[in-house]
Amino acid sequence: MPARAVGAAVLSAVFATALVRAQPAPRLPALLDGAGVAELELEAPLKHLFEAGSGDQDATVTGTLSYGDSGGGDTVVFRDLAVSVRGHTSRRETECTFPKLKLKLRGGGSIRIGTHCGDAPDNQLSAKYGRLANEKSPLREALVYRMLQAAGVPTMRTRPARITYRDDVAGRAPLTRNALLIEDDGDVMTRTGGSEITMEQFGNVASRHAGADAGLIAFGEAMIGNFDWCLKYAADDTYRCDDSKPLWNLLAFARGNGTALVMKDFDLAGAVVGRHAWFDTVWNRGFVPAKSPIEIEVLSQVQRTRSLLPRDELDGLRRHFLGRRPEIEAAIRDAPVDEEGRGLARRYATDFFSAIDDDRAFYRPVVAQSDVQIYVDPQRATEACGVKDVMRAGTPVNELRRAGAMSEVVVLDAMWRWAEKRACHNVQNGPVWIATDAITTDYPAAKRP
């Protein structure tokens, strides 16, 4: 080869090498950009981490993550990762033998991993919180995120994954399980262009001018059957909230004159776990006889929105979700998920659309007063719950029959008035009697011409 050609070849090689070196180092959040299921391998002393992390949320170990492009591209390796355990409850071994993880790369960002939690059978949910502790859960949760995104509800970015875990320190055989890659909170804040508002600072939706996202979230949570969340809509809102925790499994960011809200964490959603063990401590199955509990769960949250928003906003949200129905159904159809999980998601979505489809379905009979007392008999001789215990305005009822000025009804405790510590067995297990004139479908009241 002539000297000039050799020199040109050397220069080309040096220039190509310089281009490679000039490329920015890969960042962990970039794993969310790909399509399909991400194939990953994580090597770290996980046994040691799980033992330490159950009692120390700051415990970390060093790990290496390899990402192989299934399309034939080069393998990307992230070294010197700080690997930690995350989650409020999944760190407990009694809940998850393989808890959720967070990966952090110095200068390369962070990413969260929704793991398989454990290897329990499908018919066994975790004893305390009701998780589906096997590898079907992450892909079902990925589908839930995709449904919400298809509906235009603000959520974190995610991507389904298949991860091989290697723990050579413990001498364990490699373990390959489904997982879910989840955007880190800091990246969500950057994407929304706001500054974080903590749970302690939040207050409520009204004071934070967060109504634009709050309505979407109330309907979105109903569509997926999720109850592991809290958002205090007004100062007097007591639904599953208290003053110390007005925000749960949601992120809030101050932006301009308002607040952006972002939904997260759905591993306890009905569309993931399939059932809620606490169902009978809250609702009366007789509210819709011979129907699936899913319909009651969906109705409960759909009907609660009538106590949160004015009628024009409710109707606008109904139109919004109904307009997105083809995209939501396509997300369910195309998801990489087990067929039982796909069926669950489809049932929740179908019941949700049925509950908002027309005015008759949505504006069902409710009590519109806050002083309605409940009785065992039409003569009002015996109160059904505690002394002077009254219903909350907006509570749905199904009227069975009338006797004088009283109606026998089955109550749907959409406000969780008698859930948990304030149980009222008469409401949860059978019909009760209330004043007929307390029942209306005009709630919230329509504007009159």
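Predicted model: local features only at pLDDT ≥ 70, side-chain atom pairs only at ≥ 80, totals over all residues.

Biologist: Is C385 buried or exposed?

Modeller: The relative accessibility of C385 is 18%. Buried means under 20%, so C385 counts as buried.

Biologist: How many disulfides does a search of the whole structure find?

Modeller: A disulfide is taken as a pair of cysteine sulfur atoms within 2.5 Å. With that cut-off, the search of the whole structure gives a count of three.

Biologist: Which parts of the chain does the pair C385 and C424 tie together?

Modeller: The sulfur atoms of C385 and C424 are 1.9 Å apart, and the link is left-handed, with -85° about the S-S bond. Helices (H or I, at least four residues) and strands (E, at least two) are DSSP runs, numbered from the N terminus. C385 lies in the loop between β13 and β14, and C424 in the loop between β15 (406–411) and α14 (425–429), so the parts tied together are 39 residues apart in sequence.

Biologist: What is the handedness of the disulfide of C230 and C241?

Modeller: C230 and C241 are joined with an S to S distance of 1.6 Å. C230 counts as buried at 3% relative accessibility, and C241 does too at 11%. The torsion about their S-S bond is about 135°, so this disulfide is right-handed.

Biologist: And what is the handedness of the disulfide of C96 and C117?

Modeller: Here the sulfur atoms of C96 and C117 lie 2.0 Å apart, and both cysteines are buried. The torsion about the S-S bond is about -95°, so the disulfide is left-handed.

Biologist: Which residues have the most contacts inside the largest nonpolar core?

Modeller: A nonpolar core is a set of buried Ala, Val, Leu, Ile, Met, Phe, Trp, Tyr and Cys residues joined through side-chain atoms within 4.5 Å. The largest one has 79 residues. Apart from it lies another core, of 29 residues, with L28 and F98 among them. In the largest core, the residues with the most contacts are M147, L231 and F352.

Biologist: Where is H209, and is it buried or exposed?

Modeller: Phi of H209 is near 50°, a positive value in a residue other than glycine. Most residues other than glycine have a negative phi. H209 sits in the loop between α6 (205–208) and α7 (211–224). At 57% relative accessibility, H209 counts as exposed.

Biologist: Where is K388 found?

Modeller: K388 also has a positive phi, of about 60°, although it is not a glycine. Its relative accessible area is 57%, so K388 is exposed. Its place is the loop between β13 (366–367) and β14 (397–403).

Biologist: What is the peptide bond from Y443 to P444, cis or trans?

Modeller: P444 lies in the segment after β17 (439–440). Most peptide bonds are trans. The bond from Y443 to P444 has omega near -10° and is cis.

Methods:
Residues numbered from 1 in each chain as written. Heavy atoms only, no water. Buried < 20%, exposed > 50% of the residue type's maximum accessible area, 1.4 Å probe, protein only.
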